[in-house]
Amino acid sequence: MSPIESHERTTTPNDLRQSARSAPIPSGTRGTGDPTFLLEARHLTKRYGPVIANRDVSFAVRPGEIVALLGENGAGKSTLMNVLYGMTVPDAGELAIDGKVVRLRSPRDALARGIGMVHQHFMLVPPFTVAENVALGNEPSRRGAIDIATVEARVASLASRFGIDVDPRAIVRDLSVGQQQRVEIVKALDRGARVLILDEPTAVLTPQEAEGLFRVLRGLAADGTAIVFISHKLGEVLSLAHRIVVMRRGAVVGEVLPEDATAESLAAMMVGREVMLRVDKSPSTPTEDRIVVRDLRVAGDHGGVAVDGVSFAVRAGEIVGIAGVQGNGQTELVEAISGLRPTAGGTLSLVGVEAHGLDVRARSMAGLAHVPEDRQRHGLVLPFSVADNLVLNRYHLPPLAQRGVRQARAIVAVARDLVARFDIRTPSPEVPVQALSGGNKQKVIIARELSHGLRALVAAQPTRGVDVGSIEFIHRSLVDARDAGAAVLVVSAELDELLSIADRILVMYRGRIVGEVPGSEATREGIGLFMAGGGGATQGSPPAGFAREDDVHYVN
Amino acid sequence: MPPERPGAVVRLDAVLVPVLAIATALALGGVILWAAGPRFEGSYLGIGFVAEAYLSLLEGAFGSRAAIVDTTLRTVPYVFSGLAVMLAFRGGLFNIGAEGQLTVGALAAAWAGFSLDLPAIIHLPVVLAAGCLAGAVWGGVAGLLKARTGAHEVITTIMLNYIGGQLASYLLNGPLRDRSPLNVIAQTPKIAEGARLPDLLPGLHAGVLLAGIVAMVTWFIVWKTTTGFELRMVGANADAAAYAGVNVVRRMTWALGVSGLLAGLAGAVQVAGVNYRSTLGFNIGYGFDSIAIALLGRNTVSGVVLSSVLFAALRTGATKLQFRTQVSADIISVIQALVLLLVAAEQIVRWLYRLRAADAVTQAPEDGATAAIPPSPAGGEG
């Protein structure tokens, strides 16, 4: 069906919204097709070996409705989404579109039937223009040549119709992350999507950008597009969705209307028990400087300056948070502190020692722990056992090794102790760490980093992609590390995380610290302004000699 | 990426795929044998012909004492060079250079064997050490180039193969050539009696014993030492290794050096145990076959040893097969190529025999990264 047809609907979104309110869909039982549903999944089951990723899941969305799919990592959201988008074939159950049963064998099938998806990691070709990206895979041609003008016209018309601010001729690489996301949305709409599935769409956005996205989504819904919004952020789900479907352990455990729910009640549904959303902590009592950064400059991957003269200090006994949209130099800053990336200028001292010339291992031995941003890439060796991963940076020390020979018994003993102390859910320390859930993988890293001689800790995105239960545990561990006298630096794109655990919050924008707020006085709005480069006296026009826009920094 | 610990969870799968690949390759090879075989009054011979061909292959490889000794002798260099390629693979490095490393190892061993005048008790170790050293240098150069300039080891080791081949041609025709009036080909003089590997059994030199010891030592280093742990860490995830404080560049250089050492030892053992000299054009192909052996053996020590026996048996039995059936012994190369193809393109075997994907069982489905294509266990960083 073409997008034109799909939007010619007589029912108004408000009617639909009313009907959604009055009749939440009972999960589980549903017989014959209900034509009021645009897309419906019935009794889906999908297994991966012994793991049941989806257990008898039923889920439906009406035209013009925004349904939030809420759940922890491992709850089965991604599997359901993959089934809806034709990437995974379920073992049992069926899909219906407009009440008719369909079989989706590939994303191409799904697209052809009006199901579009916006992935968390954009599927765009950076050097191409917006229109070229939209056309990709579906290029109109005239005598063998791509007819890009037609696409540009289509993009412009879609954009103006839905109030999406995007220039068809702009190069994707030059766009902000928020704008790139709009391109993904336009791409889906251009293929005739009547159902739009968005996977954690706000993970990469500032609070303000997220609001902009919500405006677009509300507009699309008002026009009759069905929206499936996958998230684990309670606040945005409450503010955006017409209906909230909660999943836990592969099954749908409940369905609520936002006006009947609170963040606490949703968290409890997701986790299956009461959850502390705010961390209980006493005021900090900082002592001596442990991480001191003076005028630090660090090069980015593509030759630009990623960290541009940053100065700050983290003292023992305090948690300092660094807020900022991803890609503003935080990654490079953390890598420079841990010794993975050379510095281009300035000084760095760790635990009272000038760190220049110390390699990763020397810094680690001096008491610097590092929870890396990308746990799959840096934090873990996925095919190795849980035990090997728990000793990944201490394997060479006695009693884990004697004269260069690894001591299996000692390694397993250490691993068993850490598995118990950090409540790592694993069948045994011998299983490959890749078999664990995201939260448990992160606990493996936390356990390894926090369990020995800790004097300073740098944690980057410590709870990204981690379930609510594990988040609680990880936050507790960070505060405990602080209270035990460690200096803790937390870099996070999740403002709520910093607001709940940090004693001071620094905001990073385009490689610089543009603001500092005491944790007790920080607000989302205030920090959000700094994150977008606005507000605050320290901010102005971008610093001279700054990196090319297109390499690391996306925010306008 | 499949889990890699052999001790922890031995999965039937790990053995099943290579075995099925071999069986399939033999079946397909049978079709080719049949098609290439002699005609009787214009019509093809029956299936019995293929059976007879394979029986003669088996007989040629294991049918007599001499055949078994011959197969064992061929197994020895395969084990050394297969271990060489395997060790590099474990470090995420694709050493295509075993051929060149073996060549320079043989040259150095032969030179040490004929030019030095040493007591027997130290002459043999010196000969073997010379081969190891030359191989290690040849592999180490690729390692240093990678460490210093980032030059990819696949390219550099291939280039070093050419250089090794040309060096052999020059030395064997020039400075190292046997100048005795009876010699008409490009080869060194014979090495001293004391530099030769003694026979364990008539015709079977002690290199067999050495291969077994080296296999065990390699296993111990790779799986039991901190050095091996670092090697495997670098191979499985170089970023995580760097994060954990491993000097990745140094470990890669080491891996290519040690890989070259093992390949060089293969050359030295051929000189000290079989040829007693280095001859231009001898021992060709062992280095390249060893890549197939490491792959077929799934980069495990036991797998390498078993694959070495298989390849040696195929090569040894080929003569009898050709004699009996009049089909060219090159059919063995076809079968080896089919085995390799099927092992490398594992999905073909899985599809043929309806095996489930290797990762489905252990992989938690929800983590973002599982959607991405996992790096291949062998070439990940390579």
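In which order do 6 strands of chain A form an open sheet with mixed pairing?

**View 1. The mixed sheet of chain A.** The order is β18-β21-β22-β15-β23-β24, and the pairing in this open sheet of chain A is mixed. The structure shown is a predicted model, in which local features need pLDDT of at least 70 and side-chain atom pairs count only at pLDDT 80 or more, while totals for chains, interfaces and linings use all residues. Residues are numbered from 1 along each chain as its sequence is written, chains are lettered from A and ligands numbered from 1 in the order in which they are written, and side-chain values use heavy atoms, with hydrogens and water left out. Helices (H or I, at least four residues) and strands (E, at least two) are DSSP runs numbered from the N terminus, and two strands count as paired if DSSP finds at least two bridges between them. At the edges of the sheet stand β18 and β24 (512-518) of chain A, each of which pairs on one side only. Direction ignored, neighbouring strands of this sheet are turned by 20° against each other on average.

View 2. Within chain A, strand β21 (residues 456-460) and strand β22 (residues 487-491) pair in the parallel sense over 5 bridges, and A:Ala456 stands opposite A:Ala487 in β22(A). Helix α16 (residues 438-450) of chain A lies across β18 and β21 of that chain and runs at about 175° to β18(A). Helix α17 (residues 468-483) of chain A lies across β15 (319-323), β21 and β22 of chain A, running at about 150° to β22(A). Contact here means heavy atoms within 4.5 Å, and the angles, which run from 0 to 180 degrees between N-to-C directions, are taken between axes that are lines fitted to C-alpha atoms, for helices over the stretch in contact.

**View 3. The antiparallel sheet of chain A.** This open sheet has 4 strands in the order β2-β1-β4-β5 (chain A), with antiparallel pairing. Its edges are β2 (51-61) and β5 (100-102) of chain A, each with a single partner strand, so one side of each is left without a neighbour in the sheet. From one strand to the next, the twist averages 30°. Strand β1 (residues 39-48) of chain A pairs with β2(A) in the antiparallel sense over 7 bridges, and A:Glu40 stands opposite A:Ala60 in β2(A). The hairpin of β1(A) and β2(A) has 2 residues between the strands, and A:Gly49 takes a positive phi near 60° there. Strand β4 (residues 92-97) of chain A and β5(A) are antiparallel, paired over 3 bridges, with A:Lys100 in β5(A) as the bridge partner of A:Ile97.

View 4. Strand β13 (residues 289-299) of chain A is joined by 8 bridges to strand β14 (residues 305-315) of chain A, and the two run antiparallel. Along this pair, A:Leu296 stands opposite A:Val310 in β14(A). The two strands form a hairpin with 5 residues between them, and A:Gly303 in the turn has a positive phi of about 95°. Strand β16 (residues 345-350) of chain A also runs antiparallel to β13(A), joined by 5 bridges, and A:Thr347 in β16(A) is the bridge partner of A:Arg294.

**View 5. Backbone details in two loops of chain A.** The peptide bond from A:Pro398 to A:Pro399 is cis, with omega near 5°, and A:Pro399 has its place in the loop between α14 (386-390) and β19 (401-402) of chain A. A:Glu200, a residue other than glycine, has a positive phi, near 45°, and lies in the loop between β9 (195-199) and α8 (207-222) of chain A.

View 6. A cavity is a set of points, on a 1 Å grid over the protein atoms alone, where a 1.4 Å probe fits but cannot get out, and its lining residues have an atom within 4 Å of a point. The largest cavity has a volume of about 140 Å³. The volume is the space filled by probe spheres set on the points, with grid points joined across faces, edges and corners. Helix α12(A) gives the most to this lining, with 5 residues.

Key:
On a 1 Å grid over the protein atoms alone, a cavity is a set of points where a 1.4 Å probe fits but cannot get out, and a pocket is an open set with protein on both sides within 12 Å along at least five of seven lines; lining residues have an atom within 4 Å of a point.
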